[in-house]
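Trainee: Could we go through this model together, with the terms spelled out as we meet them?
Mentor: Gladly; ask away.

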Amino acid sequence: MNGLMMQQPLLISSQLEFAARFHQSVEIVTRTVEGPIVRTTWSGLAKRVRQLANALSASGIKRGDVVATLAWNTQRHLELYFAVSGLGAVLHTINPRLPPDQLTYIANDAGDVMLCFDTTFLPLAKHLASVQTPIKHFVALTDDAHLPKDFQGLRSYESLLVGQPETFTWPSFDENTASSLCYTSGTVGLPKGVLYSHRSTVLHSYAICMVDALAISGQDVTLPVVPMFHVNAWGVPYAAAMVGSKLVLPGPALDGVSLLDLITTEHVTSALGVPTVWLGLLAAAKTKQVKMSMLQKVTIGGSACPPSMITAFQEEHGARVLHAWGMTELSPLGTANVLLPKHASLSKEERLQVQLKQGRPIFGIDLRLVDDDGKVVPHDGKTSGHLEAKGGWVASAYFKSDDHSHHDGEWFATGDIATIDGDGYMQITDRSKDVIKSGGEWISSIDVEHAAMMHPAIAQAAAVGVPHPRWVERPLLVVVKHKDKEVSKEDLRAFLETKLVKWWLPDAIEFVDALPIGPTGKVLKRQLREKFKDYALP
Ligand code: ADP
C-alpha cells in the first residue's frame with residue numbers, strides 16, 4: 001500500500017520562491033567587482049532572477065542547455081544559480097584558476113552555449129572566444145557603463161534584464177533533471193565533470209542545514225568565502241534560501257583585510273572556507289588587533305584544518321570551529337565535526353584532538369574503509385583504509401566518462417585514506433597519492449604538517465615523500481615562516497622530536513617563501529614532489 005502524501009518534485013526554483021515569500025526582507029550583501037557594497041533582499045533577488053529567466057529564454061536558452069559562469073561570489077552570480085537551474089538548464093561554474101588549456105577543454109566537454117563572466121576574467125573570456133568552443137553568447141556581469149569595449153558581440157548582464165517582466169512561471173519537471181555542473185580541479189589528469197541534479201541539490205541543502213551538520217540558519221549572517229565556482233560554494237546559496245539566512249558575498253576581495261572589514265561591518269556570525277583564506281584573515285585580525293567577537297562559527301574544510309587555526313579562532317576570537325570534509329563528487333558535504341555531550345568533560349587538549357578529525361557522516365551519507373583488495377577493515381579509530389562513500393548526493397558517474405571510480409557497483413572511492421572510530425568520527429590521514437611510503441609503512445603527511453604548524457614561527461607546512469635508496473621514500477618538510485618570526489632548522493627539528501614518533505621525523509627541512517597553491521586553494525603536493533624529486537637527503 002502506498003502512503004497518501006503529495007508528490008512534489010524537489011526543484012531549486014522552489015527554494016528561491018520560498019525565500020521570496022517567507023524571508024522577503026532578509027538581506028543579501030555583496031562587495032561588487034566594480035567596488036561598492038550593494039544590498040538587496042531575498043524578495044528583491046527573486047524579482048531579478050525572474051527577469052533573468054525571461055531574458056535567458058528570450059536569448060534562446062532552453063531546458064538542458066549549459067550556461068557557464070566565470071564569476072566571484074556576488075549577487076549576480078547568485079541570480080544565475082537560481083535562474084539557469086530554475087529554467088531546467090544547467091549551470092556550469094568554471095574555476096577561473098584553471099590553466100587556459102583546461103578551460104578550453106571543459107568548455108567543450110560541458111558543451112557551454114553561453115558564458116557569463118566577471119570583468120576580472122576578461123582575458124579568460126577572450127581566450128575562450130578565440131578558440132573553438134560551442135559558446136554562442138558572451139555576457140559580462142556588469143552594466144553598460146563598465147562594459148569592456150574591445151569584445152565583439154559582448155552584452156552587459158544589466159542590459160539583458162532591462163524591460164524584462166518580474167514575473168515568471170517556473171517549469172515543473174523531473175527532480176532528477178541535471179541542475180549544475182562542476183569540474184574537479186584535475187590535480188590528477190584532466191578535470192572530470194560532476195553533474196548535480198535538482199533532487200541531489202535540494203536533499204544536500206536540507207542535510208547541511210541540520211544542527212549537527214553545517215547548521216545553516218536564518219539566525220545567522222552567513223559569509224561563504226568558499227567560491228561559488230567551487231562545488232556550489234559548498235551548497236550554501238541553496239540552503240541559505242531555504243532557511244532565510246542573511247548572505248554576505250565577498251566578491252573578488254578575498255584577502256584578510258577585506259574579509260575582516262566585511263565580517264565586522266556586516267556582523268557576520270558564520271563563515272565558511274578553506275584553511276588558506278583563514279590564514280590571511282587571522283593574520284589581518286592580529287595586525288589590526290581586532291577581536292571578531294561577532295563570529296560564532298567558522299566552518300573549515302577542503303584541506304585538513306591545522307590545530308593552531310582551531311585554537312586561534314576558538315581562544316582569540318571566541319568562535320566555534322566546525323571542521324568538515326567533503327569533495328566535489330559529494331556535493332560536497334560528507335562529514336561534519338560537532339562534539340558530543342561526552343566530550344564536555346575532556347581537557348582542552350583532548351577536545352582539540354577530537355576536533356582535528358573530519359567528523360561524523362551526516363544522515364544521507366554512508367562511509368566505509370577498505371584495504372587494497374577492497375575488503376572492509378574495522379572502524380576502530382586505528383586501522384586506516386581507503387575511504388568509500390555512498391548516498392543520495394554522491395556522484396554515480398562522471399559526466400561523459402566511463403571512469404566511475406566505483407566498487408561493488410555502488411561505493412564511490414574517494415581517494416582518501418582514513419580511520420573511523422567507534423563514535424563514527426572519520427579522520428583523514430592522507431590522500432592516497434600524498435601518503436609517504438617509508439619502508440612498507442605509511443607516514444601521514446597531514447600529521448607531520450600539523451606538528452610543524454604547532455611551532456609558533458611556522459605559518460604553513462607541507463610534507464612530501466622524496467625518493468630514498470633504502471626506505472623507498474622519506475619525508476621532506478617544506479615550510480613557510482610567519483613574516484615576523486624566526487626559527488632554525490635545528491630548533492624546528494628538536495621541536496618536532498617532541499611531537500612525532502622517531503621514524504616519522506622529516507629527513508630534511510626546507511624553508512620557502514610560499515607554497516604552490518592550486519585552483520581550489522590547496523597546497524599542490526604534486527608540484528612540490530616534482531620540484532624536490534632529485535633532492536639529496538642527508
Ligand atoms: P580537488 O581538490 O581534487 O579539486 P575537491 O575540492 O573535491 O577536489 O577536494 C576533495 C578532497 O579534499 C578530499 O578528497 C580530501 O582529500 C580533501 N579534503 C576535503 N576536506 C578535507 C578536510 N577537512 N581534511 C582533509 N582533507 C580534506
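**Terms set against values**

Mentor: Let's start with proline 171, which sits in the loop between α6 (157–161) and β8 (178–183); helices (H or I, at least four residues) and strands (E, at least two) are DSSP runs, numbered from the N terminus. This is a predicted model, in which local features need pLDDT of at least 70 and side-chain atom pairs count only at pLDDT 80 or more, while totals for chains, interfaces and linings use all residues. Residues are numbered from 1 along each chain as its sequence is written, and side-chain values use heavy atoms, with hydrogens and water left out.

Trainee: Why does proline 171 count as partly exposed?
Mentor: Buried means under 20% relative accessible area, exposed over 50%, and partly exposed in between (1.4 Å probe, protein chains only). Proline 171 has 22% relative accessibility, so it counts as partly exposed.

Trainee: Which residues does proline 171 touch, not counting residues up to four places away in sequence?
Mentor: They are Leu11, Arg63, Gly86 and Leu87, where contact means heavy atoms within 4.5 Å. Between proline 171 and arginine 63 there are 9.6 Å from C-alpha to C-alpha, with 108 residues of sequence separation.

Trainee: And leucine 87: buried or exposed?
Mentor: Leucine 87 counts as buried, because its relative accessibility is 8%. This residue belongs to helix α3 (residues 75–87). Setting aside neighbours within four places in sequence, leucine 87 is in contact with Ala53, Leu56, Ser57, Ile61, Arg63, Phe168, Trp170, Pro171 and Phe173.

Trainee: How is the chain divided into domains?
Mentor: There is domain 1 (12–251), domain 2 (254–433) and domain 3 (436–531); the bounds come from an automatic or database domain assignment. The C-alpha centres of domain 1 and domain 2 are 25 Å apart. Their contact takes 49 residues from domain 1 and 44 residues from domain 2.

Trainee: Why is the ligand said to lie between domain 1 and domain 2?
Mentor: Both domain 1 (12–251) and domain 2 (254–433) give residues to the shell around the ligand, so the ligand lies between them.

Trainee: How many residues surround the ligand?
Mentor: The ligand has 17 residues around it, the closest being Ser185, Ala324, Thr328, Asp416 and Lys522; a residue is near a molecule if one of its heavy atoms lies within 4 Å of it. Strand β14 (residues 320–326) gives the largest share of this shell, four residues.

Trainee: What makes up the shell by class?
Mentor: The shell holds four nonpolar, 10 polar and three charged residues. Here Ala, Val, Leu, Ile, Met, Phe, Trp, Tyr, Cys and Pro count as nonpolar, Asp, Glu, Lys and Arg as charged, and the others, Gly among them, as polar.

Trainee: What distance is there between an oxygen atom of the ligand and an N or O atom in the side chain of lysine 522?
Mentor: The distance is 2.6 Å. A polar contact is a pair of N or O atoms within 3.5 Å; within protein, one must be able to donate a hydrogen and the other to accept it, and residues adjacent in sequence count only if both atoms are side-chain atoms. For histidine 230, a side-chain N or O atom is 2.9 Å from an oxygen atom of the ligand. With threonine 328, a polar backbone atom is 2.6 Å from a ligand oxygen atom. The protein covers 95% of the 570 Å² of accessible area that the ligand has on its own, with areas from the Shrake-Rupley method and a 1.4 Å probe; for residues, only the protein chains shown count as cover.

Trainee: How do you know that aspartate 416 is buried?
Mentor: Aspartate 416 has 7% relative accessibility, and therefore counts as buried. Its place is in strand β20 (residues 411–420). Beyond neighbours within four places in sequence, its contacts include Trp325, His386 and Arg431.

Trainee: Why is helix α14 called largely enclosed by the rest of the structure?
Mentor: Eight of the nine residues of α14 (residues 445–453) are buried, so the helix is largely enclosed. Among them are Ile446, Val448 and His450.

Trainee: What is noted about glutamine 289?
Mentor: Glutamine 289 has a positive phi of about 50° although it is not a glycine. With 74% relative accessibility, glutamine 289 counts as exposed.
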